[in-house]
Amino acid sequence: MGNKITIAGLEFEPKFCKKINKDPIDVWEVSRIPLANIYNSEDSGTYAVNIIIHIPVNFKTIQNPNQSSFELISKDLKNKIYFSYNGVSTIETEISTVTDSDIILCRNFGIDYETYNELEPMTYDLFHIKIHYSIKENYGQSVEAIIVHDNNLDPETSRGTVTTVRTGTN
């Protein structure tokens, strides 16, 4: 991948989007929310985001992708998956914060694709997506965590996955 994309004061660099299963996964084995982690990368001021997500075997490309999104390129895909940045959101969570509040600021990310019909897909593939991002000078807002949604589900009711940057060695 390797090309850099700027959206709302953040510079994104998609690293890869890889299918990691050999055989299709049955619906009863599928997680409904993506798994995500974030950490400081080797490059100063850059964060690495890993996302593990189940995507239906038979999905299609969204006709009108979000203006704040970019295509994830993968040799494993015949249709397009998009990564979107949806700004900063306040999230109520059990994560401990500096202010001991249950509300934290999160960068809101999404994975976008479309299913072929209204019925729930019966088989899925598991994808590992890695993206680096950095805050461009004078543009970024400080946040405490990220949240990742599977935008094919209802992002208004889906909790998504909230995660913070790991600090220290433990």
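Select Phe12, Tyr47, Phe70, Phe83, Tyr85, Phe109 and Tyr133. Ring pairs join these residues into a cluster. Keep in mind that the model is predicted. Aromatic pairs in the structure come to eleven.

**Stop 1: a tyrosine pair**

Show Tyr47 and Tyr133. Their ring centres lie 5.4 Å apart, and the planes meet at 35°. Is the pair stacked, edge-to-face or tilted? Stacked needs planes under 30 degrees apart and edge-to-face needs over 60, so this pair at 35° is tilted.

Now colour the strands. Tyr47 belongs to strand β5, residues 46-56. Tyr133 belongs to strand β11, residues 123-135.

Is Tyr133 buried or exposed? Tyr133 has a relative accessible area of 3%, so it is buried, the cut-off being under 20%. Tyr47 has 23% relative accessibility and counts as partly exposed.

**Stop 2: a phenylalanine pair**

Move on to Phe83 and Phe109. The ring centres are 5.2 Å apart and the planes are at 40°, so this pair is tilted. Phe83 is in strand β8, residues 81-92. Phe109 is in strand β9, residues 103-112. The pair therefore ties together parts 26 residues apart in sequence. Both phenylalanines are buried.

**Stop 3**

Leaving aside neighbours within four places in sequence, its contacts include Phe12, Ile51, Leu72, Phe109 and Ile111. Ser68, Ser69 and Gly110 are also among them.

Then widen the view to the largest nonpolar core, which has 27 residues. Which residues have the most contacts inside it? They are Phe12, Ile51, Leu72, Phe83, Phe109 and Ile111.

**Stop 4: a charge over a ring**

Select Lys18 and Phe16. The charged end of Lys18 sits over the ring of Phe16, 4.6 Å from the ring centre.

**Stop 5: two cysteines**

Select Cys17 and Cys106. Cys17 is buried, at 3% relative accessible area. Cys106 is buried too, at 0%. How many disulfides does the structure hold? The number is zero.

**Stop 6: Ile135**

Finish with Ile135, in strand β11. This isoleucine is partly exposed, with 35% relative accessibility. Ile135 and Gly45 are 90 residues apart in sequence, yet their C-alpha atoms are 7.4 Å apart in space.

Methods. Residues numbered from 1 in each chain as written. Predicted model: local features only at pLDDT ≥ 70, side-chain atom pairs only at ≥ 80, totals over all residues. Heavy atoms only, no water. Phe/Tyr/Trp six-rings, centres within 6.5 Å; stacked < 30°, edge-to-face > 60°. Helix = DSSP H or I, 4+ residues; strand = E, 2+ residues; numbered from the N terminus. Buried < 20%, exposed > 50% of the residue type's maximum accessible area, 1.4 Å probe, protein only. Lys NZ or Arg CZ within 6 Å of the ring centre and 35° of its normal. Disulfide = S-S within 2.5 Å. Core = buried A, V, L, I, M, F, W, Y, C linked by side-chain atoms within 4.5 Å. Contact = heavy atoms within 4.5 Å.
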